[in-house]
Amino acid sequence: MGGQAVQFVATAEGGAREALGLAAAVFVLLLTFGSVVTMGLPLATALIGLDVALAAVPLLSVFIDVPIFGPSLAIMIGLGVGIDYALFVLTRFRACLHDGASSKDACSTALTTAGRAVLLAGVMVCISMLGLFIMGISFVAWPSAPAWPCC
């Protein structure tokens, strides 16, 4: 494996922007939920998602040329989507608990209602990113990628 994206991931020390964004997320989540444990769940799921995404970038670079900003884009989307969707399910779970449901019932309800919405929203994010790629938007598509033939 090689290329600019793999070199970026291999030598990246973590940027100040990403650390600042993560610190802001910690502050907002702590302020919103008022609990370190509740704040930790969305962050943990987002960080696991980031690990998977950053591991996928070098694998993807085996098949296609990945631009130098590919890992940064993966971090940006992973943090935003991971925290947002975890909050969606967690908020539904807490609402069910507040309404008097047991933990098991609240978990079941949160995953069947909010879980479907999160799955649909994740698919929509993937489709929208693919649409940007197909249209040849320079931030998403690498420089040598042509726009879709019909455009």
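Predicted model: local features only at pLDDT ≥ 70, side-chain atom pairs only at ≥ 80, totals over all residues.
The protein chain contains five helices and zero strands. From the N terminus on, the order of elements is α-α-α-α-α. The chain has 151 residues, and 25% of them count as buried. Contacts were also examined by sequence separation. Among contacts with a separation of 6 or more, 62% join residues 24 or more positions apart.

Two packed helices are described by the angle between their axes and the distance between the axes. Helix 2 spans residues 16-33, and helix 4 spans residues 70-98. These two helices pack at an angle of about 10°. Their axes lie 12 Å apart. Angles under 35 degrees count as roughly parallel, and helix 2 and helix 4 are therefore roughly parallel to each other. On the helix 2 side, the contact is made by Glu18, Leu22, Ala25, Leu29 and Phe33. Helix 4 contributes Ser72, Ile75, Leu79, Ile83, Leu87, Leu90, Thr91 and Arg94. Nine of the residues in this contact are nonpolar, two are polar and two are charged.

The largest nonpolar core holds eleven residues in all. Its members are Ala25, Leu29, Phe33, Met39, Leu43, Ala46, Leu50, Ile75, Leu79, Ile83 and Leu90. Helix 2, helix 3 (36-63) and helix 4 each supply at least two residues of this core. Isoleucine 75 belongs to the core and also takes part in the contact between helix 2 and helix 4. With residues up to four places away in sequence not counted, isoleucine 75 touches Glu18, Leu50 and Leu54. Of these partners, Glu18 lies in helix 2, and Leu50 is a member of the core.

Threonine 38 lies in helix 3. Its relative accessibility is 17%. The cut-off for a buried residue is under 20%, so threonine 38 counts as buried. Neighbours within four places in sequence aside, threonine 38 is in contact with Phe33, Leu90 and Arg94. Phe33 and Leu90 are both core members.

Valine 81 is found in helix 4. Valine 81 is partly exposed, with a relative accessible area of 25%. Along the chain, valine 81 and valine 125 are 44 residues apart. Their C-alpha atoms are separated by 8.8 Å. Leucine 119 is found in helix 5, which covers residues 103-134. At 60% relative accessibility, leucine 119 counts as exposed. Leucine 119 and tyrosine 85 are 34 residues apart in sequence. The C-alpha to C-alpha distance between leucine 119 and tyrosine 85 is 9.0 Å.

A disulfide requires a pair of cysteine sulfur atoms within 2.5 Å. For cysteine 107, the closest cysteine sulfur is that of cysteine 96, at 9.8 Å, which is too far for a bond. Cysteine 107 is partly exposed, with a relative accessible area of 35%. Cysteine 126 has a relative accessible area of 55% and is exposed.

Definitions and conventions: Residues numbered from 1 in each chain as written. Heavy atoms only, no water. Axes fitted to C-alpha atoms, helices over the stretch in contact; angles between N-to-C directions. Helix = DSSP H or I, 4+ residues; strand = E, 2+ residues; numbered from the N terminus. Parallel < 35°, antiparallel > 145°, perpendicular 65-115°, else oblique. Contact = heavy atoms within 4.5 Å. Nonpolar A, V, L, I, M, F, W, Y, C, P; charged D, E, K, R; others polar. Core = buried A, V, L, I, M, F, W, Y, C linked by side-chain atoms within 4.5 Å. Buried < 20%, exposed > 50% of the residue type's maximum accessible area, 1.4 Å probe, protein only.
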